[in-house]
Amino acid sequence: MSDTKEDPTTMNRSESDQNGMTTGRSDIDTNVLIDNVTKIYDEGGEDVVAVEDVSIDIRRGEFLVFVGPSGCGKTTTLRTVAGLEEATEGRIVIDGVDVSGLEPRQRGVAMVFQNYALYPHMTVRENISFPLRIRKFPDDEIVSRVEEAAELLEISELLDRKPSDLSGGQQQRVALGRAIVREPSVFLMDEPLSNLDAKLRVQMRTELNDIHKRVGKTTIYVTHDQAEAMTLGDRVAVLNKGKLQQLAPPQELYDQPANKFVAGFIGEPAMNFIPTEIVPSGSGMDARTDVGTIELPEDIVTAVENWGGSHDQLTLGIRPEDLNDAELSEDQGSAGSSMEAFVHLVEPVGSDRFLTLRPDSDSHESMEFTARVDPDSDITQDRMVELTINRKNVHLFDERTGENITV
Ligand code: ADP
Ligand code: MG
């Protein structure tokens, strides 16, 4: 990007020639509509499908997070919204206007990048005011907007410093300030915290939440970090291999993951997947596994009946926190809601104890699973233990499709 002509971080809709077509939708709650967007890159004659038929309706004022592993299409989707990439198919609608043909600066969006893109020879004040100066805003307007943004970001005392005199967190705030002064209708952020160390990242997360509340503008935020997604997002869109897996509020993703990918990606330590066979038992059903037989709750039995597939193609999903030391449980692990496993490793982390378990002492590493038990547990390594299972929270996944048949 050129230093003076194009400003990559700021794109102003008010300068738009407004020649986009209106959609005729009257849904004023929608701020940004990603409508059946597909992006295919040509990589030396080979098609690379970066984004495949993604549709998301982003509400005004919402903090919407895209999360997924590296290469799943997060940046491409965001750049398509910004106008830095053109969708191969589908369209982007902002405030009811199809902006697909519009330049980035005509879309009323401001982008904050991972690498801040601050100008090192300019002071903080000059950096923040830069987008206003190149658009010839009057001096007094520039001064007041910069001071307002600096106050909001609590960097007023840094305005005359150079970026090299600032910490990573302060530089990130300056980059945010430069986006804020343009008063865009939408903020786009691509892994803005990933250059910071772990502690600062957690602190900036809280600050971003706070800043978002004060600014109140729609924000589309990209991260590969599920914990960041869960703490920041009003709703979280999980992507894998260019496809939208699930779009839901954080707690819903956690409690009702739509498929095995989401179940394994959201939550740390990850959900355990245990091979199982579903067998009839009395009027209900049992999940038979290498570590014991679990009596399935009624609603899960109903889900299996409604699903109607073969009973040997399901995988059992249990979160580590839904396993506990049977010694500490009131019912001491009653039949049908407990398992027996070999403790390979115990890791105390203060608030919990993490157990790495295997079906038997001679089981292969690939059979390992994890429990997050009470810190009072006195379970030790290298022995068999009994664990209780919180049966109402187990999931069953269709091995062929990955679909969670219990939600
Ligand atoms: P993420 O941000 O989730 O890590 P990206 O959106 O950057 O993923 O990339 C998605 C896919 O598209 C990857 O396979 C990546 O290699 C490919 N890709 C991204 N940009 C280009 C490009 N300019 N040319 C060719 N392939 C690209
Ligand atoms: Mg990326």
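Me: What should I know about the numbering and the model before I start?

Reply: Residues are numbered from 1 along each chain as its sequence is written, and chains are lettered from A and ligands numbered from 1 in the order in which they are written. The model is predicted, so that local features need pLDDT of at least 70 and side-chain atom pairs count only at pLDDT 80 or more, while totals for chains, interfaces and linings use all residues, and side-chain values use heavy atoms, with hydrogens and water left out.

Me: Which residues are around ligand 1?

Reply: A residue is near a molecule if one of its heavy atoms lies within 4 Å of it. Here the residues around ligand 1 include Tyr-41, Glu-43, Lys-74, Thr-75 and Thr-76. By class the shell has five nonpolar, five polar and two charged residues, where Ala, Val, Leu, Ile, Met, Phe, Trp, Tyr, Cys and Pro count as nonpolar, Asp, Glu, Lys and Arg as charged, and the others, Gly among them, as polar.

Me: Which distances do oxygen atoms of ligand 1 show to Gly-73, Thr-75 and Thr-76?

Reply: A polar contact is a pair of N or O atoms within 3.5 Å; within protein, one must be able to donate a hydrogen and the other to accept it, and residues adjacent in sequence count only if both atoms are side-chain atoms. A polar backbone atom of Gly-73 is 3.0 Å from a ligand oxygen, a polar side-chain atom of Thr-75 lies 2.8 Å from one, and for an N or O atom in the side chain of Thr-76 the distance is 2.5 Å.

Me: Which side-chain positions of helix H9 are buried, and which are exposed?

Reply: Buried means under 20% relative accessible area, exposed over 50%, and partly exposed in between (1.4 Å probe, protein chains only). Helices are DSSP runs (H or I, at least four residues) and strands likewise (E, at least two), numbered from the N terminus. In H9 (residues 298-307), Ile-300, Val-301, Ala-303, Val-304 and Trp-307 are buried. They cover an arc of only 160° around the axis, which puts them on the same side of H9; the arc is that of the directions from the helix axis to the C-beta atoms. On the other side, Glu-298, Asp-299 and Asn-306 are exposed.

Me: What does Val-262 touch?

Reply: Contact means heavy atoms within 4.5 Å. Val-262, in helix H8 (residues 260-265), touches Val-238, Gln-245, Gln-246, Leu-253 and Pro-257, not counting residues up to four places away in sequence. Val-262 counts as buried because its relative accessibility is 0%.
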